[in-house]
Amino acid sequence: MTSEVGILGMLMKKLQQEIAVVVKEHWQLDTREVDVSCPRELGHGDFTTNIALKVAARWGIPTSQVTGILVGELAQRPFIRKNFTNVIIAEPGFVNFFLSPQSIWRELSRGKYNPYRGRKVIVEYSAPNIAKPMHVGHLRSTIIGQALVNIYRALGARVVALNYLGDWGTQFGKLLVAYQKWGSKVQLKHTPIDEMLRIYVKFHKEAKIHPELEDEAKAAFKNLEQGNKKLLQTWKLFREYSLREFNDLYKRLGVKFDYYEGESQYQKSLRKVLNELVAKKIITINEDGSQVVIFDDEKITPMLVQKSDGASLYATRDLAALKARLKKYHPTEMLYVVANQQALYFDQLFTCVKLAGFSNPKVKLTHVKFGLVLGEEGKKMSTREGEIIKLEELLNKAVDLAWRTVEKKNPELGRREKAKVAEAVGVGAVKYNDLSQNRLTDITFNWRRMMSFEGNSGPYLQYTYVRLKSILRKAGKLKSLRFNADILIELDVNLLHKLIQYQDSLLRAAKENSPHLVANYLYELANLVNSYYHEAPVLKAVEPLRSLRLLLVQRTALVLKSGLEVLGIKVVERM
RNA sequence: GCUCCCGUAGUUCAACGGAUAGAACACGAGAUUCCGGAUCUCGCGAUAGAGGUUCAAUUCCUCUCGGGAGCACCA
């Protein structure tokens, strides 16, 4: 049985958003940063209760009678009403109370909003291995990372978008050996990544028969680390050519980095970092010469930082990279957008950084982890088995399907425009499919859903935008409009409300590093506006309703556009 | 064995501790004399199990069961 206090508390929670606006108006505070929370026990001195009492006073209701406040649509539901002994029913006027015409206007026409001003965030994402093709698994880090970069920027933070290339490690020993034996320079130039994959696969096949190849590879990598000129030259070719290939993909995906880094570039500082760890007495040197960091917390297993043969490891290079970045960029926080599987590793890394005192404890280090992309059967896709779906292939397929759809739905568009639309729609569908889902759960790859242009999909949002723009085109120039409470009552409260929540959705997405919150928000907004203009004629409405609805359409289009851009999905004017 | 992540309609996903757990796909029924039907409207259908905390639990805690990942010379 819910007590009266319980119901009041519950309602107050729901009223938070409205309260936030009131607080802002009256006390000039930015409540987006203030958590107006539901109190455990609601007493008279309580903040939210006071607001409720103020509302009652404003409506001329004795405070002793305040038990519950029902808002908007809620008030229509009889089962809720009968739960209260005394009820204040707030019809649309309620919204007017909290959202005065001025405040709505201000919200709708607000310019820059910078709650994250002063923050500097480094986001490391994508981080492909230069010798392997990008596949659907890389899509998540790349797309989520870029969306986070955009979200933080939209909130006013300064962001350093970093791509940390996997361009170093034992595998390059294998590649160098394989290239020497079976590689083709022409092919490498032409299709660098395919060629590297080919010789890499061949290496593994041959190594099963001739295990001595593994030792050769180890030696080659060690030589590379020690600066062998010839090997270094070949390695540079690998890197240069594949980077060129990756950049084409990034361009298509709307992904842009401020800096490219590579594991290779920290070679020189490794020794210094290790020495520092030794000096801080957090390193244990084993008999075989390998070095590990052991942690007090038993849940975190020891982290190896140097191999017995003296060669470096991923962890060593990452430590050096982290240290260098702190010095170079002076960030307030760092985000690593890397798969779930490396959760333990990042625990180790961050704990080690703390122990060594590399970073100011105020600098927040976060591993933004995400689930796997599983194959259609729900099993992990393996590179070795050749089950991977190449990103390029996926995008081409989606764009191709989009092209056929455009041709069917809108044949009168020009050839060039069709191609442009198809690219935006196809890539948009693929990106949205990923971005609309919680990043933590594993997602099952499914061609059909990936290619779906209906329902909760990227193209649905793009289509909604196109329709709104179409209305606006036909409407001609917008008239300026004087707001007053009488007009606002005519508006759809749900839509209006949703419209105002755009920046909150960005803020929440940033707080939780979850772009899908923005995607969900946009979907809900599109849903509302689609229903809205189906039942409320815009162009045929009489003034001032027509102008008012047009304004709503225009603002919705604007929010959709900027929201989609934040997610990295392009909008088109026709489709 | 230990650690971490995840269990929600037939399927794929939502739900800042709050109201009748929302969508999409699939399935069934409907809407174009009206701003583009890639749309809209209606129906069908779910919180793995057992305890605990709370006025209130899909959400927090404990245990069980199920799926995935990780646990020193890979990245």
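How many helices and strands does the secondary structure of chain A comprise?

## Overall composition

In this predicted model, the secondary structure of chain A amounts to 24 helices and 12 strands. Of the 575 residues in chain A, 36% are buried. Among contacts in chain A with a separation of 6 or more, 74% are between residues 24 or more positions apart.

## Packing of helices α8 and α12

Helix α8, spanning residues 170-182, packs against helix α12, spanning residues 229-253. The angle between the two helices is about 100°, and their axes are 11 Å apart. Because angles of 65 to 115 degrees count as roughly perpendicular, α8 is roughly perpendicular to α12.

On the α8 side, the contact is made by Phe172, Leu175, Leu176 and Tyr179. The α12 side contributes Leu231, Thr234, Trp235 and Phe238. Classified by residue type, the contact of α8 with α12 has seven nonpolar residues, one polar residue and no charged residues.

## The β6-β7-β8 sheet

An open sheet is formed by three strands in the order β6-β7-β8, with antiparallel pairing. Its edge strands are β6 (283-285) and β8 (303-306), each of which pairs on one side only. Neighbouring strands of this sheet are turned against each other by 35° on average, direction ignored.

Strand β7 covers residues 291-293 and is joined to β6 by three bridges, the two strands running antiparallel. Within this pairing, isoleucine 283 has valine 293 of β7 as its bridge partner. In general, strands of a sheet pair through backbone hydrogen bonds, in either a parallel or an antiparallel manner.

Note on methods: Residues numbered from 1 in each chain as written. Chains lettered and ligands numbered in written order. Predicted model: local features only at pLDDT ≥ 70, side-chain atom pairs only at ≥ 80, totals over all residues. Pairing = 2+ DSSP bridges. Helix = DSSP H or I, 4+ residues; strand = E, 2+ residues; numbered from the N terminus. Axes fitted to C-alpha atoms, helices over the stretch in contact; angles between N-to-C directions. Buried ≥ 20, exposed ≤ 12 C-beta atoms within 10 Å, placed from the backbone. Contact = placed C-beta atoms within 7 Å. Parallel < 35°, antiparallel > 145°, perpendicular 65-115°, else oblique. Nonpolar A, V, L, I, M, F, W, Y, C, P; charged D, E, K, R; others polar.
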